[in-house]
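Take a look at the model below.

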Amino acid sequence: MSKLNPTGIDAYRPAEIAHLVRVAGVAKVRLPLLQMFTLAVLAGAFIGLGAAAYTMAMTGVDPSFGPARMLGGVVFSLGLILVIVGGAELFTGNALIAMAAVDGLVEPAEILRNWLVVFVGNFVGAIGIACAISLTGKLDGAFGTTAIGIAEAKANLGWLQAFASGILCNLMVCLAVWLSLAARTAVGKILAIIWPITGFVLLGLEHSIANLYFFPQGLFAGAAVDASGVALNLSCVTLGNIIGGVGGVALAYRLAYGPNPTEE
């Protein structure tokens, strides 16, 4: 065991992960606009594919049954695995850019530009997958019934439920991203992603980009959802996602490891 790796575990130490997050944050905000938007569309599509797979996994079962939800969470992990291993820009994960901002490596305007472009790109990708799924005809059967139930349940959440669920959700998503950075191999990254994502799905928490897929999917299937309910959910969940990722992970680890994490 070396001095730099006292545990003997083949992974980056938390202090090294903090450095990687800072470097990645700078790179993300400096991406050319077209590249940033294209990668965001891909991420939205990837999350949409994971959400579609989750919908099928939950078809024909009691959605409140824990083991079924756990299976759904494992399946939904497909989305973030594609984002991290395949390479794409996801709004919720980009909350970690805040770590670079605290140390003055990026400007607030750069973060807002990134978040806006990436959110819009994620929406385009997510709704594109929803449209494609509707064209397959799968929404005409039991799959469509499940899609309706998911959309209507989300639209009926109260603002506080949606907000709190958004905070906890992105806490776990950003932890999945954080853990994936510890891994040195693709297999390690996949294993690091699966369990935090499975956990948030199992607990029924709210992910803004996933909801950008679930609502169109439900609407294409015939869900009776009010526009105000959709808008309330998306706004509260998105704000919660930002707070959970920025405060719960990025700033917490910045406080733990300081401005020069690789020196720890």
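## Salt bridges and a nonpolar patch

The structure holds 6 salt bridges. The model is a predicted one.

Start with Glu16 and Arg13. These two residues form a salt bridge, and their closest N and O atoms are 3.6 Å apart. Is Glu16 buried or exposed? Glu16 counts as buried, because its relative accessibility is 19% and the cut-off for buried is under 20%.

Next come Glu89 and Lys28. Glu89 forms a salt bridge with Lys28, with 2.9 Å between the closest N and O atoms. What does this pair tie together? Glu89 lies in the loop between α4 (78-87) and α5 (98-102), while Lys28 lies in helix α1 (residues 14-29), so the pair ties together parts that are 61 residues apart in sequence. Glu89 is buried, with a relative accessible area of 6%. Lys28 counts as partly exposed, at 21% relative accessibility.

Now turn to Arg254 and Asp103. The closest N and O atoms of this salt bridge are 2.7 Å apart. The pair links distant parts of the chain. Arg254 sits in helix α11 (residues 227-257), Asp103 sits in the loop between α5 and α6, and the two are 151 residues apart. Arg254 counts as buried, at 18% relative accessibility. Asp103 counts as partly exposed, at 22%. Which residues are linked in a network of salt bridges? They are Arg22, Asp103 and Arg254.

Here are the pairs side by side.

| Salt bridge | Closest N and O atoms |
|---|---|
| Glu16 and Arg13 | 3.6 Å apart |
| Glu89 and Lys28 | 2.9 Å apart |
| Arg254 and Asp103 | 2.7 Å apart |

Leave the charges and look at the surface patch. Which residues form the nonpolar patch? Phe37, Leu116, Val120, Phe123 and Val124 do, on the surface. Together they have about 400 Å² of accessible area. Which helix gives the most to the patch? Helix α6 (residues 108-135) does, with 4 residues.

Take Val120 as one example. Val120 has its place in helix α6. Val120 is partly exposed, with a relative accessible area of 37%. Patches are made of residues with over 30% relative accessible area, so the 37% of Val120 passes that cut-off.

Terms used
Residues numbered from 1 in each chain as written. Predicted model: local features only at pLDDT ≥ 70, side-chain atom pairs only at ≥ 80, totals over all residues. Heavy atoms only, no water. Patch = residues over 30% accessible without salt bridge, like charges linked within 9 Å, V, L, I, M, F, W, Y side chains within 5 Å. Areas by Shrake-Rupley, 256 points an atom, 1.4 Å probe, with all protein chains shown as cover. Salt bridge = Lys/Arg side-chain N within 4 Å of Asp/Glu carboxyl O. Buried < 20%, exposed > 50% of the residue type's maximum accessible area, 1.4 Å probe, protein only.
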